[in-house]
Amino acid sequence: MSGFLDALRARRAYLVHRLPRWWNRALAGALIVVGIVLPFFFPSDSGFMNATIIAVTYAVMSLGLNIVVGFAGLLDLGYVAFYAIGAYCLGWFGSGFFFKLRVHVLVSPVASTLPGVHLNFLLILIAAAALCAAAGMVIGLPTLRLRGDYIAIVTLAFGEIIATVAINGQSVSVGGGMTLTAGNLGISAVDAPYFPGIGSFGLLDLRPWYWLIFGILLLVLFVNLRLRDSRLGRAWVALREDEVAAVSMGIPLVKTKLLAYSVGAAFGGMAGAFFGTYYTEVNASQFAFGFSIFILAMVIIGGLGSIWGAAVGGLALGYINNYIIPDVLNNLPSHFGLHFQLTQVEFGIFGLLLVLMMLLRPQGLIPERRRQLELTAQIAAEDAQLAEAPAGEVTVILPPGEGAA
Amino acid sequence: MSAAGDPAPPAAAAALAPAVLRAERVTKEFGGLVAVEDVSVDLPEHSIVSLIGPNGAGKTTLFNMLTGLYRPTRGRIVLGDRDITRSRPDVITGYGVARTFQNIRLFGAMTAVENVMIGHHARMRAGLFGSIFRPSWVRREERETQERARELLAYVGLPRTVFDRLAAQLSYGDQRRVELARALAAEPSVLLLDEPTAGMNPRESAELTTFMRKLRDERALTILLIEHDMKVVMGVSERVTVLDHGKKIAEGEPAAVRADPRVIEAYLGKQD
């Protein structure tokens, strides 16, 4: 049986090798076309369309986090912070929240009569990306001297700090009776995206929303693909593999790591801004720690470091979370005479899926070539590294004792 | 070849040439432990200098200071007329100092070619936006870097069939070759080799000795070598510096150093 599978695999590898160069482009083109026409096959206000929009946004976040965790190997457990910052960009610059101000740039005729700051959604997207890129550097700086688990702890704390600021921001005055956030009350009545010539997005016609986030997804995919096969992408892999060797070969540690944090954060911010307007509310309760783990789970289930894996992982968990569990299988237990709904045990289901995944396919749905090798070679390499780590102060190594103390 | 085999002329030339890399009375302390104490080393241009000494003598620590991985506790390191004592390792690589490691540190999950391309990192310009938008100059840079990497791999004698294999899957000897090519890809003027013949048989060591001379002559390199194999040390170096317990105990031409009683004592113990 396994011999047969191996033969199949070899055959497939051979075929892939033989495919002409245009095949990849044709396949990508076909996928894009399918993505564009997809909404025409479903009612424009259906639950499936709603789930698809959310799933695609998850995929954007997953691809952003994949740059940090997958490419550069920096375990980030506070990614939700960038969702929050992106969403607040939307709340600040696309609603009447700052009611004393009157700033209007390229917004719908209705919004341009309202108080508050109202920028065009594309401008908000850019602002969210820029602010998150800066925040990514802020979180990156204290982790530069750390490795592995210690990076995870610092980023986790960063996520919690941002979430706490979001909750308590309603007590932080920014002047004129205005506050920083609206805490758990939420900033509501945010602007829907508006584009001159197209008009405002309506809440019942989900298609424009879908095309917008699909466009963002394509942008993120493009950037991921370009970065992976570039000088910067190689430098990230090198730093992930061996920091000492990488800096000795001329890779600037600080700059390269901070770029990974920044680029990853920027996409988290764009997805956050989109969620802000799509959910029509920016509420501090959305930015819980669990969401960071949820996005990380997408990256890992898809295949750490794999671009297509991260996209598929985001879509898969998005659909499971927002369509398959609540809409399709929710009443399944009642068929067996059980008195609960699946949505009540969704965390249990995700836990089960993760465990099954780790048992059956630890390399992820679409594993990256390098990672596949690392999984097998990792233990030996870690042992070797532990054995040789000098007790002194290599500028880039933190002795485990120091971090734990 | 024949001239390089004769120790006298290069040694004389080396005495005249200005030092390209110089450690001035460097000391490195780790807490209470003094790993290197008050050591000065001169690397004359286009020379091959060996650094020898028993295990734990501080040779690799000195290497790590010269390449910026460690900051000296005291003392100065000068490259050409530039003080690099406090420079970062990647900056020093950019200035033209490249190295290999005692226990081969290749990027295991990258191919041989990719490893060598990493070596060229400091000589490339593509940044974040260059990488994303990939204008024609970035494409050219990428293509040229790859071609150069393949040339270098061929130059160090890696079989073409394994160029695109992951480094972790290469044989030990081939890994050493890739590491050397990776260091050369940085276009260094000074090359630091940390025990390059470790794990090699006598024939391979002899080949490497010849190759080091070829490197020095063809690529105008200055080479500092940590080495345990005395045959290699005596055969290739114009000068030898001996460290023991972090201190420099002897320095000079190979023959003189070999006869120095303090060196014999450090290696063999005191004769009573």
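**Exercise 1. Find how many residues of chain B and of chain A are in contact, and characterise the chain B side.**

Step 1. Take two residues as in contact if their C-beta atoms, placed from the backbone, lie within 7 Å. In this predicted model, 32 residues of chain B are in contact with 32 residues of chain A.

Step 2. Assign elements, where helices (H or I, at least four residues) and strands (E, at least two) are DSSP runs numbered from the N terminus. The side of chain B that touches chain A draws two or more residues from each of α4 (89-95), α5 (112-119) and α6 (128-133) of chain B.

Step 3. Sort by residue class: Ala, Val, Leu, Ile, Met, Phe, Trp, Tyr, Cys and Pro count as nonpolar, Asp, Glu, Lys and Arg as charged, and the others, Gly among them, as polar. On the side of chain B that touches chain A, 18 residues are nonpolar, 8 polar and 6 charged.

Conventions: residues are numbered from 1 along each chain as its sequence is written, and chains are lettered from A and ligands numbered from 1 in the order in which they are written. As this is a predicted model, local features need pLDDT of at least 70 and side-chain atom pairs count only at pLDDT 80 or more, while totals for chains, interfaces and linings use all residues.

**Exercise 2. State what chain A contains and which stretch has pLDDT under 50.**

Step 1. Chain A has 16 helices and 9 strands. Of its 405 residues, 43% are buried; a residue is buried if 20 or more other C-beta atoms lie within 10 Å of its own, exposed if 12 or fewer, and partly exposed in between, with C-beta atoms placed from the backbone.

Step 2. Among contacts in chain A with a separation of 6 or more, 75% join residues 24 or more positions apart.

Step 3. Check pLDDT, the predictor's confidence in each residue, from 0 to 100. The average for chain A is 87, and 86% of the residues score at least 70. Over residues 390-405 of chain A, pLDDT stays under 50, and the model has 19 contacts beyond four places in sequence for this stretch. Where pLDDT is low, the predicted coordinates should not be read in detail.

**Exercise 3. Work out the strand order of the open sheet of 3 strands in chain A, and why β1 and β2 stand at the edges.**

Step 1. Two strands pair if DSSP finds at least two bridges between them. The order is β1-β3-β2 (chain A), with mixed pairing.

Step 2. β1 (94-95) and β2 (102-105) of chain A each have a single partner strand, so one side of each has no neighbour in the sheet.

Step 3. β1(A) runs antiparallel to β3 (residues 116-119) of chain A, with 2 bridges. S95(A) has V117(A) as its bridge partner in β3(A).

**Exercise 4. Identify the strands that pair with β1(B).**

Step 1. Strand β1 (residues 19-30) pairs with β2 (residues 33-44) of chain B, antiparallel, over 8 bridges. A19(B) is bridged to P44(B) in β2(B).

Step 2. The two strands form a hairpin with 2 residues between them, and G31(B) in the turn has a positive phi of about 60 degrees.

Step 3. β1(B) is also joined to β4 (residues 74-79) of chain B by 5 bridges, again antiparallel. Here A23(B) has I77(B) as its bridge partner.

**Exercise 5. Which residues touch the most other members of the largest nonpolar core?**

Step 1. A nonpolar core is a set of buried Ala, Val, Leu, Ile, Met, Phe, Trp, Tyr and Cys residues joined through C-beta atoms within 7 Å. The largest has 186 residues, and V60(A), A84(A), I213(A) and M270(A) touch the most other members.

Step 2. Helix α3 (residues 47-71) of chain A gives the most to this core, 16 residues.

Step 3. Leaving out residues up to four places away in sequence, A84(A) touches I162(A), A163(A), A166(A), G272(A) and F287(A).

**Exercise 6. Locate R25(B) and R134(B), and say whether each is buried, exposed or partly exposed.**

Step 1. Most residues other than glycine have a negative phi, and most peptide bonds are trans.

Step 2. R25(B) has a positive phi, near 50 degrees. R25(B) belongs to strand β1 of chain B and is partly exposed, because 13 other C-beta atoms lie within 10 Å.

Step 3. R134(B) also has a positive phi, of about 50 degrees. R134(B) sits in the loop between α6 and α7 (136-155) of chain B and is partly exposed, because 15 C-beta neighbours fall inside 10 Å.
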